[in-house]
Amino acid sequence: MAGADALAREELVAISANGLLRFFEPLRTGAGAEVELSSGERLVNFSANDYLGLAAHPAIRHSLAEGAAQWGTGAGASRLVCGDYLPHHALEQELARFEGTERTVLFNSGYSANCGVVPAFAGPEDVVLSDALNHASLVDGCRLSRARTEVYPHRDVAALEAAMRRARQQGARRVLVATDTVFSMDGDLAPLEQISDACERLEAILVVDEAHATGILGPRGAGLVAQLGLGGRVDLRIGTLSKAVGAFGAYVAATRACCELLVNRARPLIFSTALPPALPHAALTALRILSGAEGDALRERLRRNVERFAVGLRALGLRAEAATPIFPVVLGAPEAALSAAAQLRKRGLLVKPIRPPTVPAGSSRLRIAVSAAHTDDHLDLLLSALREAA
């Protein structure tokens with residue numbers, strides 16, 4: 001124990017000296033555009049991924065309580081033992097309709113889904129090609145597969161295709177391409193049509209993580225794949241229920257055979273206690289709101305907020321695209337991001353600094369997430385504060 005404690009103290013000193021120390025800050029209120037920290041600070045929250053403001057929706061909250069009353073607070077086992085409940089199946093069926101696929105499979109989180117999908121479809125005889133800015137969960141899924149993993153430059157389809165050809169020439173049994181559709185720290189989009197074309201030409205499996213697209217892009221919020229009409233050309237889509245959907249959990253949408261293989265090979269699914277059935281019960285309500293008229297209205301409100309904020313950022317001389325609700329303000333050194341975040345907090349704004357290893361060295365930033373729940377006053381306050389801080 002003494003050895004571990006001494007090591008931990010030494011490592012923490014080094015982490016702190018580099019401006020990279022992290023710590024928890026509990027909220028004393030629920031999710032929303034305005035939150036209160038345990039310190040008593042009341043802040044406008046621009047750090048959450050609750051893009052449509054559904055995490056505190058009264059109907060979803062009621063559904064969660066209703067589910068807990070009927071099904072209890074825990075699943076009791078993994079789904080393959082005795083933790084499989086009717087709400088899991090009802091949600092999977094609704095998600096399959098939402099995604100337009102033969103089947104979906106629920107996972108406990110997007111992280112566990114990505115760590116389960118890649119190893120289920122690739123192994124030591126295969127090559128996995130991963131975008132340089134993929135989320136850590138996809139990166140770890142690639143590592144767990146024990147396949148030879150090559151990282152291609154961000155959004156560089158020519159480099160990706162060259163790597164695919166090399167893998168084929170070197171005798172790879174299978175080639176699997178893994179990419180986010182919306183990149184979580186930059187808010188930009190994968191060139192999915194070109195990637196799909198390359199995968200078809202070279203017979204590669206395409207796995208996409210729609211975590212930051214589900215709910216906000218495409219018809220009914222079905223994601224970038226749906227927006228581009230690529231449903232039949234993407235092998236496996238990972239979606240999350242914990243961001244724009246306002247609930248918890250994740251899922252993989254694919255063919256029936258692919259989903260059956262996951263049930264038999266995806267270790268995070270097989271060896272984890274299942275989601276408490278109250279959660280898919282609530283997520284079913286969230287999905288119905290999301291894909292209906294209220295969801296359309298929220299997406300329109302989000303679109304207006306995103307456009308308004310992008311215009312304001314450009315007026316400040318900052319780079320701003322209006323493709324997604326994610327806006328990076330890159331400041332470089334960790335200390336610069338920490339200082340800017342502290343200045344914003346003094347103005348009543350919660351914008352967390354993002355530092356390595358979450359982003360590459362030299363690109364520490366403020367990551368701003370706009371929500372449909374933000375008002376014009378919220379947006380204007382942040383733009384005013386950024387004029388001074390950034």
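This is a predicted model: local features need pLDDT of at least 70, side-chain atom pairs count only at pLDDT 80 or more; totals for chains, interfaces and linings use all residues.
1. Residues are numbered from 1 along each chain as its sequence is written, and side-chain values use heavy atoms, leaving out hydrogens and water.

2. Let's start with the open sheet, whose three strands run in the order S1-S2-S11 with mixed pairing. Strands are DSSP runs of E with at least two residues, and helices are runs of H or I with at least four, numbered from the N terminus; two strands pair if DSSP finds at least two bridges between them. S1 (34-36) and S11 (349-350) are the edge strands, each with a single partner, so one side of each has no neighbour in the sheet. S2 (residues 42-45) pairs with S11 in the parallel sense over two bridges, and valine 44 has leucine 349 as its bridge partner in S11.

3. Next come the salt bridges (a side-chain nitrogen of Lys or Arg within 4 Å of a carboxyl oxygen of Asp or Glu); the count is 33. One network links Glu25, Glu41, Arg345 and Lys352.

4. Arginine 173 and aspartate 126 form a salt bridge at 2.8 Å, N to O. Arginine 173 is in the loop between H6 (157-169) and S6 (175-180), and aspartate 126 in the loop between H4 (110-121) and S4 (127-131), so the pair ties together parts 47 residues apart in sequence. Aspartate 126 is buried at 2% relative accessible area, whereas arginine 173 is partly exposed at 42% (buried is under 20%, exposed over 50%, partly exposed in between; 1.4 Å probe, protein chains only).
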